[in-house]
Structure formats: structure tokens, C-alpha cells
Amino acid sequence: GAGTLSIVQNAAVDTLISRHIIANRKLKGMEGFRIQIYNSNNRNAREESNKINAEFLSKFPDIPSKIEFEDPGYFKVRAGNYRTKFEGTKYLNMVRRVFPNAYLVPSLIDFPKG
């Protein structure tokens with residue numbers, strides 16, 4: 001038949017869980033990996049990064065990509081949201097067929113949807 005379940009725990013556990021939830025809401029992402037396709041700080045790096053990002057999106061529409069700016073004037077095109085190096089390497093091999101200079105970099109990635 002049906003039974004009952006009793007959970008006995010210290011009230012401090014609820015406090016810690018609440019603090020953890022609040023701290024995670026402030027985060028902009030989680031540690032992971034992305035594939036870096038482009039990195040430059042030359043005069044026309046902004047235009048080149050837009051062009052390369054558009055080319056990437058046309059060839060790999062299922063992999064999210066973004067242009068990132070980093071001081072002092074570097075434009076980078078990075079793709080994917082991979083939790084592990086192993087997962088990123090699988091996609092890196094596919095991307096390198098089109099962008100042979102691509103490589104995997106540690107990055108703050110987007111939280112999984114769902």
C-alpha cells in the first residue's frame with residue numbers, strides 16, 4: 001500500500017539552497033568551450049568578423065555563433081556552447097573542414113535551454 005515519507009533536515013539547508021539559487025540567477029553563463037573561428041584587431045576587423053560570422057551561419061545554421069569584442073580592439077567570432085572539451089572537439093573537427101584555422105577555447109557559455 002501507500003506509505004509516508006518524512007524528511008528531517010536542518011533549517012540551514014533551506015537557507016543555503018536559497019542562497020545558491022539567488023547566486024545562480026546573477027550568472028551570465030557557465031564554464032565551457034566554444035570554437036574560435038576568427039580573431040583580429042586590424043583596422044577592418046569589425047567588417048571581417050561580420051562577414052565570417054555570416055559565412056559560418058550559412059554553412060552551419062544549427063550551431064549558434066556570436067561576435068565578441070575584447071579590449072584592446074580584438075574582434076572574435078566564436079561558435080557553439082559545449083560543456084566539455086570532448087563535445088567541443090567533435091564539432092571542431094566538422095568546422096575545420098570549412099575553417100581550417102578554427103580551435104577550441106575555454107569560454108563562458110549560455111545556460112542550456114529547458
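Lys76 counts as buried, at 9% relative accessibility; buried means under 20% relative accessible area, exposed over 50%, and partly exposed in between, with a 1.4 Å probe and protein chains only. The side chain of Lys76 meets that of Glu70 in a salt bridge at 3.5 Å, N to O, where a salt bridge is a side-chain nitrogen of Lys or Arg within 4 Å of a carboxyl oxygen of Asp or Glu. The model is predicted, so local features need pLDDT of at least 70 and side-chain atom pairs count only at pLDDT 80 or more, while totals for chains, interfaces and linings use all residues. Residues are numbered from 1 along each chain as its sequence is written, and side-chain values use heavy atoms, with hydrogens and water left out.

**Sheet**

- Four strands make an open sheet in the order E2-E3-E1-E4, with antiparallel pairing. Strands E2 (65-70) and E4 (103-109) are the edge strands, each pairing on one side only.
- From one strand to the next, the twist averages 45°. Axes are lines fitted to C-alpha atoms, for helices over the stretch in contact, and angles run from 0 to 180 degrees between N-to-C directions.
- Strands and helices here are DSSP runs numbered from the N terminus: helices are H or I with at least four residues, strands are E with at least two. Two strands pair if DSSP finds at least two bridges between them.
- Strand E3 (residues 74-82) is joined to E2 by six bridges, and the two run antiparallel. E1 and E3 are also antiparallel, joined by six bridges.
- E3 is mostly covered, with seven of its nine residues buried.

**Hairpin and strand partners**

- E2 and E3 form a hairpin with three residues between them. Gly73, in the turn, has a positive phi of about 95°.
- Tyr74 in E3 is the bridge partner of Glu70, and Phe75 in E3 is the bridge partner of Phe69.
- Lys76 in E3 stands opposite Asn39.
- In a regular strand the side chains alternate between the two faces of the sheet.

**Salt bridges**

- The count of salt bridges comes to five.
- Arg34 and Asp110 meet through their side chains in a salt bridge at 3.8 Å, N to O. This pair links distant parts of the chain, 76 residues apart, with Arg34 in strand E1 and Asp110 in the segment after E4.
- Arg34 is buried, at 2% relative accessibility, whereas Asp110 is partly exposed, at 35%.
- Glu68 and Arg78 form a salt bridge between their side chains at 3.4 Å, N to O. Glu68 lies in strand E2 and Arg78 in strand E3, so this pair ties together parts that are ten residues apart in sequence.
- Arg78 is buried, with a relative accessible area of 10%.
- Glu70, the salt-bridge partner of Lys76, is partly exposed, with a relative accessible area of 41%.
- A network of salt bridges links Arg34, Lys66, Glu68, Arg78 and Asp110.

**Ser40 in strand E1**

- Ser40 is found in strand E1 (residues 30-40) and is buried, with a relative accessible area of 12%.
- The Ser40 side chain reaches the backbone nitrogen of Asn42 at 3.2 Å. A polar contact is a pair of N or O atoms within 3.5 Å; within protein, one must be able to donate a hydrogen and the other to accept it, and residues adjacent in sequence count only if both atoms are side-chain atoms.

**Surface and helices**

- Val13, Ile17 and Ile21 form a nonpolar patch on the surface, with about 230 Å² of accessible area together. Patches are made of residues with over 30% relative accessible area and no salt bridge; like charges are joined within 9 Å, and nonpolar side chains (Val, Leu, Ile, Met, Phe, Trp, Tyr) within 5 Å. Accessible areas come from the Shrake-Rupley method with a 1.4 Å probe, and for residues only the protein chains shown count as cover.
- Ile17 is found in helix H1 (residues 11-25) and is partly exposed, with a relative accessible area of 45%.
- Phe86 is found in helix H3 (residues 85-95) and is exposed, with a relative accessible area of 73%.
- The C-alpha atoms of Phe86 and Ser49 are separated by 26 Å, and the two residues are 37 residues apart along the chain.
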